[in-house]
Amino acid sequence: MRRFAYFLIAAICLVMSGCAEEQFEANTDLKQFQEASQAIEEQAPATAQVAAQPVAAAMTTSDDIGDYVLGPGDLIQLTVFETKDLNTEVRVSSRGQVSLPLIGTVDVRNLTAAEAEEKIEGLLAAQYLQDPHVSIFIKEHVSRQITLVGSFKKPGTYDYVSKRNLLDVIAIAEGLTESAGTAAYITRFDDKSKKNVNYFVDLDQLIKKGNMAQNIMVLGGDVIFIPETGQCFVDGAVRKPGTYPIKSGMTITEVVTLAGGLAGYADTDKIKLIRHMGPGQERQVLSLSYNDLQAGVGDSLLIKDQDIIFAESSSSGMLFSGSGFTLGFLGTGVSYRNPKQ
């Protein structure tokens, strides 16, 4: 009976060694894979974005009423101490202007109350009064708002009552989610061109490296969008298969490590990186070995959104990593368990 059991075991081993069918067959090599990926990046359409502008040191973020930024709909009471005849109550127009005695139309859009006072004093001093003193009291604060969209912990629309920069706004929304990407896009209406302008901010530079040049000033009416980071998928003979967010500069070696490394039944010569190359294009399947990853090749392969990393299984690995299967006749035999189960 034992001879029969040994014969069955040998037969099973032979069958399993012949059944190591690959789930994904490689169709490219490393050089072709990198060249194809680079070509896709070069063909990507350019977007009309402006780099973040440095923030002027004089711009503060206090909550003092003097920092309230005037905008359409605000009702202000203007007092000129030298003459009561110039005192007036006026609402800011949709164009951000007010009409005042003597000096006519004055543009106060995106000015604080203090800045508007100085501007009006200058206009009066130029032609009408010597050393005038002007006071502005905001009777009605018609909300100027900013809109936060995407990977904020609390996205939504917020009142804008004083000058703030991007880090202040992120704090108002209680920070970013774990899936937040590495870029912020700020859409702002430009008064000169009468068009929306998109500003790009590198959040890695701002938050991780402390580059305050990226800490752009936020204005009322801005829309701030922070997209989620890309995702990659890890499956097959790894310890923790699943979906993983892509951080800036993440490599295939790092992703395999995040997935707990290779399982004992992995085929260490067949780790597949599968990438979608665009509409109508065949997916590129690159095969790497564990030695490739260890030798630094994996560190040169940056993971992109929707990449799939698949570790093929080895039949012999599945056999010897398992605790056995049950085979025999009348109680004589051995057992084997698939380690994936």
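Predicted model: local features only at pLDDT ≥ 70, side-chain atom pairs only at ≥ 80, totals over all residues.
Residues are numbered from 1 along each chain as its sequence is written, and side-chain values use heavy atoms, with hydrogens and water left out.

Let's start with the sheet. Five strands make up an open sheet with mixed pairing, in the order S15-S14-S18-S16-S17. Strands here (E, at least two residues) and helices (H or I, at least four) are DSSP runs numbered from the N terminus, and two strands count as paired if DSSP finds at least two bridges between them. At the edges sit S15 (242–245) and S17, each pairing on one side only. From one strand to the next, the twist averages 20°; the axes behind that are lines fitted to C-alpha atoms, for helices over the stretch in contact, with angles running from 0 to 180 degrees between N-to-C directions.

Now look at S18 (residues 308–313). With S16 (residues 266–275) it runs antiparallel, joined by five bridges, whereas S14 (residues 231–236) pairs with S18 in the parallel sense over four bridges. Pick out Ile309 in S18: it is the bridge partner of Leu273 and also of Val234. S18 is mostly covered, with five of its six residues buried. Buried means under 20% relative accessible area, exposed over 50%, and partly exposed in between, using a 1.4 Å probe and protein chains only.

S16 is mostly covered too, with seven of its 10 residues buried. S16 also runs antiparallel to S17 (residues 284–288), again through five bridges, and there Arg275 has Gln284 as its bridge partner.

On to helix H3 (residues 113–127). Its 15 residues reach 22 Å from first C-alpha to last, close to the 21 Å expected at 1.5 Å a residue, where the expected span is 1.5 Å times one less than the number of residues. Which residues of H3 are buried? They are Ala113, Ala116, Glu117, Ile120 and Leu124. Seen down the axis of H3, these buried residues fall within an arc of 105°, so they line one face of the helix; the arc is that of the directions from the helix axis to the C-beta atoms. An α-helix has 3.6 residues a turn, so residues three or four places apart point the same way.

What covers the buried residues of H3 includes strands S2 (75–80), S4 (97–100), S5 (104–107) and S6 (134–140), with contact meaning heavy atoms within 4.5 Å. On the other side of H3, Glu118 and Ala126 are exposed.
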